Amino acid sequence: MKKPQTFILAWEVVTFVVVAAYLWLGYSHLPIETGGLETAAARVGFSASWLVIPSLSLVIGILSVMYQRFVTDSIDPLAGADEDNATLQVLRRYLQNTVEQLVFYGAAHLSFAAVVEPELMKLVPLFAALFLFARVVFLLGYLRSPMWRTPGYALTFYPTLVVALYASYRLVVG
């Protein structure tokens, strides 16, 4: 196995351990109020209200691109200076990937909310905070080096994938 693949696999394992510990500690010890979430409609509404936290990662991306354009020759996106601005390329890719991740996150979490027991809704705020944190880790890592995207990407994608798979399982099995 090549060094980049080893690096990626190692960070994915670390991510699994960190996310599992974070969710366990948060679920067990934080006083997250989830009363009144007996109906699917109430749970979906609760989950939808927490989408604003992950959406802040879009604000970070939009403002970062805006600032980078403002302080460089890339202020006019049609002038062709974008290709020479590596930082702007990273920021634009961060923004694009964040849109993709946020769409997946929203679909997974709204479906999750519709099919889970009310007690599991304590996970929703934990996942929302994790998503925002993960996108910041992704951006800072990407600005350092493309390989350092891995921790933030894994922190974003894999928890959402688990939520989507669990929701899908519950939809099919009941």
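**Exercise 1. The pocket**

*Solution.* Start with the ground rules. This is a predicted model, in which local features need pLDDT of at least 70, side-chain atom pairs count only at pLDDT 80 or more, and totals for chains, interfaces and linings use all residues. Residues are numbered from 1 along each chain as its sequence is written, and side-chain values use heavy atoms, with hydrogens and water left out.

Step 1. On a 1 Å grid over the protein atoms alone, a pocket is an open set of points with protein on both sides within 12 Å along at least five of seven lines. A cavity is a set of points where a 1.4 Å probe fits but cannot get out. Lining residues have an atom within 4 Å of a point. Grid points are joined across faces, edges and corners, and a volume is the space filled by probe spheres set on the points.

Step 2. Take the size. The volume of the largest pocket is about 320 Å³. It has 16 lining residues, and the closest to its centre are F16, V19, Y158, P159 and V162.

Step 3. Find the elements. Helices are DSSP runs (H or I, at least four residues), numbered from the N terminus. Two or more lining residues come from each of α1 (3-29), α5 (123-144) and α6 (150-173).

Step 4. Sort the lining. Ala, Val, Leu, Ile, Met, Phe, Trp, Tyr, Cys and Pro count as nonpolar; Asp, Glu, Lys and Arg as charged; the others, Gly among them, as polar.

**Exercise 2. The cavity**

Find which element gives the most to the lining of the largest cavity.

*Solution.* Step 1. Count. The structure holds 1 cavity of 30 Å³ or more. The largest cavity has a volume of about 40 Å³.

Step 1. List the lining. Y105, H109, F127, L130, F131, L155, T156, P159 and T160 line this cavity. They divide into 6 nonpolar, 3 polar and no charged.

Step 2. Assign them. At least two lining residues come from each of α4 (86-115), α5 and α6. The answer is α6, with 4 residues.

**Exercise 3. Helix α1**

Check the span of α1, then say which of its residues are buried.

*Solution.* Step 1. The expected span of a helix is 1.5 Å times one less than its number of residues. For the 27 residues of α1 that gives 39 Å, and the end C-alpha atoms are 39 Å apart, so the two agree.

Step 1. Buried means under 20% relative accessible area, exposed over 50%, partly exposed in between (1.4 Å probe, protein chains only). In α1 the buried residues are T15, V19, L23 and G26. Their cover includes α5 and α6.

Step 2. Look at T15. Its relative accessible area is 5%, so T15 is buried. Contact means heavy atoms within 4.5 Å. Leaving out residues up to four places away in sequence, T15 touches P151, A154 and L155.

**Exercise 4. Aromatic pairs**

Describe two ring pairs by distance and angle.

*Solution.* Step 1. Rings of Phe, Tyr and Trp (its six-membered ring) pair if their centres lie within 6.5 Å; planes under 30 degrees apart are stacked, over 60 edge-to-face, the rest tilted. The whole structure has 10 aromatic pairs.

Step 1. F7 and W148 are edge-to-face, at 5.0 Å centre to centre and 80 degrees between the planes. This pair links distant parts of the chain: F7 lies in helix α1 and W148 in the loop between α5 and α6, 141 residues apart. F7 is partly exposed at 22% relative accessibility. W148 is partly exposed at 26%.

Step 2. F138 and Y142 are also edge-to-face, at 5.6 Å and 70 degrees. They sit 4 residues apart in helix α5, so about one helical turn separates them.
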